[in-house]
Amino acid sequence: MTVPPPLRHLLVIAPQCPALGQLDGLEEVARALHETLLDRRTGACEAGPPGVETLLYGPSLGQARIEGAIRDAARRAGRAGAELVLALVGHGTIHGGVPELYLMAADSRPDEPTTVVDVGDLLGQVLDTQGVRGVVALVDTCHAGGAIPDLAALGGGIRRGTGRLSLLMSVGVDEDAYGLAFTRGLVRVLRGGIPGEGAHLSARAVCVAVNEATGTAARLVDADGDPLPGQHPWIARNVCHRPADGPLLGPVGAEELAWALRPLGEDVPPLPGTADLEGLRRRLRDPGVGGTAAPEDAAYARAVVDGLLTATRTVELLRDWPGGPLTSERLRRAANAAGGSAACPPHLGGGDLLRHCAEFLRLRAPRGAGDREAHLAEFVAALAHEDGIDPDTPELAAWIRATGAAIEYNDAVAALADRENASRLRLVVSLHAALADAWPETLTAWLLDRGEQVAYGDFPCPATQPGIEGTLATILAWATRQARRIGARLRRVEIAASAHQLVHWRPEESDIGTRLGRTHNVVLRWSDRLCPPAHLGWINDYARDRLAAMNTGQDGCAPVDWLGKEETGSARELTARLADGVFERAVALGHRPAQLDQLMPALLAHAPIVLWPADDEDLPAATRDGVNRHWDRLPERFSEAYRDDWRANPGPNGARHDRPALARLRCVWHDTEWLDFCDWFETQTTDGANTL
């Protein structure tokens with residue numbers, strides 16, 4: 001089973017130093033390197049978060065800003081468990097014959113050591129930052145060979161020298177660099193790839209290729225102090241690499257073909273490549289093939305081969321995917337959305353999983369008449385949407401033509417756009433003004449359009465549950481008017497309340513003329529995350545870490561820790577176990593503890609997502625299966641399940657004999673959207689800039 005590659009963070013720094021003269025073309029070269037390292041097909045680095053620049057260059061880039069940016073980048077990479085790709089391009093000096101490189105900033109002076117950037121020291125700090133998975137450093141300056149950090153001293157550092165480093169330097173410590181030749185050559189090599197190398201380009205392969213291409217004498221230092229196995233940091237993906245095809249058919253395809261050919265008296269022939277499968281299709285069109293077999297058997301065999309050709313073309317497309325790196329987890333998400341959990345069994349990963357997904361979605365996933373390619377189109381469209389790939393991209397356009405799936409692909413794209421538009425507007429209603437567990441006298445509401453505030457309001461209300469629910473109807477009418485003004489429709493309502501209210505209140509059942517949840521998807525949030533009290537100041541950063549860890553799951557099941565009665569018997573013991581990190585994913589209760597009120601604050605603080613039974617009955621196995629099956633569509637799927645339940649069991653006392661599996665659960669869901677909103681809210685209320 002494959003392990004997804006680590007995140008790769010990026011920082012490119014290219015200062016001009018007036019004291020040493022202008023470097024012609026520096027800004028252009030820095031931009032080209034930055035673009036290449038961000039490109040998903042080459043450097044595959046992540047774009048910086050909002051407000052964080054990953055390219056710093058020019059004549060105003062001073063020493064303090066450079067040093068601060070490098071330390072900040074290291075901290076972000078450490079928190080994310082990412083690799084850091086750091087490029088330094090510009091003037092470099094050494095002082096007094098000591099072989100240590102100093103990068104010259106805009107305010108640096110050659111004769112003032114306190115004004116320069118000590119590259120080796122900063123690289124050592126980055127390597128010693130907890131959580132950083134590895135460091136790729138690219139240095140193009142005069143005397144670049146002096147950039148090597150004190151690796152021996154790092155053995156006594158915080159991480160005891162366990163970092164991994166690939167350091168490429170344009171010249172030796174006693175040599176000058178000219179014309180930014182190393183960086184120019186590096187960009188050409190990364191954009192063109194290196195024939196004969198693997199999927200990822202090592203620092204050594206890149207160093208050799210750049211030297212051969214430019215006539216430079218770049219130096220390389222590879223250091224690996226990590227005793228645990230792991231991939232050494234690579235420089236870029238190799239655009240020349242073409243992976244081995246592996247088996248043409250997976251078990252699903254081979255089995256379907258054997259079934260199809262058996263009535264014709266045919267054995268499955270050797271099929272080393274797609275051309276052989278096309279040859280089989282041509283042969284099956286011969287009226288003499290199959291002898292006395294029924295015509296429908298021959299037609300079925302031809303249909304199976306047609307389907308296998310579509311599946312193998314899909315595998316070929318995804319093996320050379322024009323978007324970001326594909327991982328088993330990404331394939332699972334896309335296949336699960338297109339054809340359900342059966343499309344991605346938990347025991348498969350990598351190429352085997354890819355073949356299974358393509359074959360299952362084309363040959364076995366339930367479908368209506370006339371939509372043979374629909375599931376595969378949804379599968380590919382989901383991956384393309386995630387990477388922002390246009391249908392006119394040559395590789396994707398060729399797949400659409402070859403499979404004849406243009407309409408199905410367009411339908412899938414339209415469905416994704418509809419789903420995105422449905423979640424474009426969010427109405428956030430907060431009860432954070434409440435004292436303790438009482439009902440508040442004011443509700444605060446925000447209407448957000450793709451995360452940006454469109455409207456805001458404070459709404460006085462009676463401090464009772466009926467008063468709150470009545471005011472919700474007023475707020476919804478207000479937000480609907482605002483939505484119409486911008487030509488959008490409001491479908492999502494987020495309710496932020498206290499732990500006690502979340503346990504006992506079901507806001508989706510609020511009467512607005514009909515149930516609120518009949519017309520809107522309702523998501524529950526914990527109001528303490530909006531402006532955490534001092535003793536909970538850590539919870540939102542901790543939640544981000546947990547969400548990131550949950551996204552790397554590979555077992556095909558929802559990233560949920562299910563707790564039984566033994567775990568929830570003591571609130572004190574459960575809190576201690578949560579604090580110790582015993583449960584690091586979403587948390588779900590298989591039963592409803594009598595002391596749920598006491599447990600909920602600790603659960604909400606330590607888990608970004610908390611699930612628990614809606615009533616006193618223990619959850620059936622079908623509910624857990626439903627969580628696994630629908631995970632990628634949660635929390636919205638809960639609203640759909642509640643609506644299904646209300647239709648099947650109308651009235652306040654409707655019998656629950658056929659209650660949908662997910663309708664048996666309550667849920668508080670904190671995703672990155674909510675955490676971003678919490679960060680914004682805290683900033684607005686603490687920096688004096690709040691206009692609310």
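This is a predicted model: local features need pLDDT of at least 70, side-chain atom pairs count only at pLDDT 80 or more; totals for chains, interfaces and linings use all residues.

Let me begin with Arg525, which sits in strand S16, residues 521-526; strands here are DSSP runs of E with at least two residues, helices are runs of H or I with at least four, and both are numbered from the N terminus. Residues are numbered from 1 along each chain as its sequence is written, and side-chain values use heavy atoms, with hydrogens and water left out.

Is Arg525 buried or exposed? Arg525 counts as buried because its relative accessibility is 0%, where buried means under 20% relative accessible area, exposed over 50% and partly exposed in between, with a 1.4 Å probe and protein chains only. A polar atom of the Arg525 side chain lies 2.4 Å from the backbone oxygen of Trp669. Leaving aside neighbours within four places in sequence, the residues in contact with Arg525 (heavy atoms within 4.5 Å) include Arg426, Arg492, Glu494, Asp671 and Trp674.

With the same exclusion of neighbours within four places in sequence, Trp526 is in contact with, among others, Ala497, Leu502, Leu536, Val668 and Trp674. Trp526 is also one of the residues with the most contacts inside the largest nonpolar core, which has 49 residues, alongside Leu427, Ile495 and Leu603. A nonpolar core is a set of buried Ala, Val, Leu, Ile, Met, Phe, Trp, Tyr and Cys residues joined through side-chain atoms within 4.5 Å. There is a second, separate core of 36 residues, which includes Leu101, Leu103, Val132 and Leu167.

Turning to strand S3, residues 83-89, seven of its seven residues are buried, so the strand is largely enclosed by the rest of the structure. Glu83, Val85, Ala87 and Val89 point one way from S3, and Leu84, Leu86 and Leu88 the other. Strand S1, residues 8-15, runs parallel to S3 and is joined to it by six bridges, whereas S3 and strand S7, residues 134-140, pair in the parallel sense over seven bridges; pairing requires that DSSP finds at least two bridges between two strands. Leu88 stands opposite Ile13 and also opposite Val139 in S7.

Finally, the buried residues of helix H6, residues 203-214, include Ala203, Val206, Cys207 and Val210. They pack against strand S8, helix H5, strand S9 and strand S10, and H6 is followed by Gly215, whose phi is positive, near 75°.

Definitions and conventions: A polar contact is a pair of N or O atoms within 3.5 Å; within protein, one must be able to donate a hydrogen and the other to accept it, and residues adjacent in sequence count only if both atoms are side-chain atoms. The expected span of a helix is 1.5 Å times one less than its number of residues.
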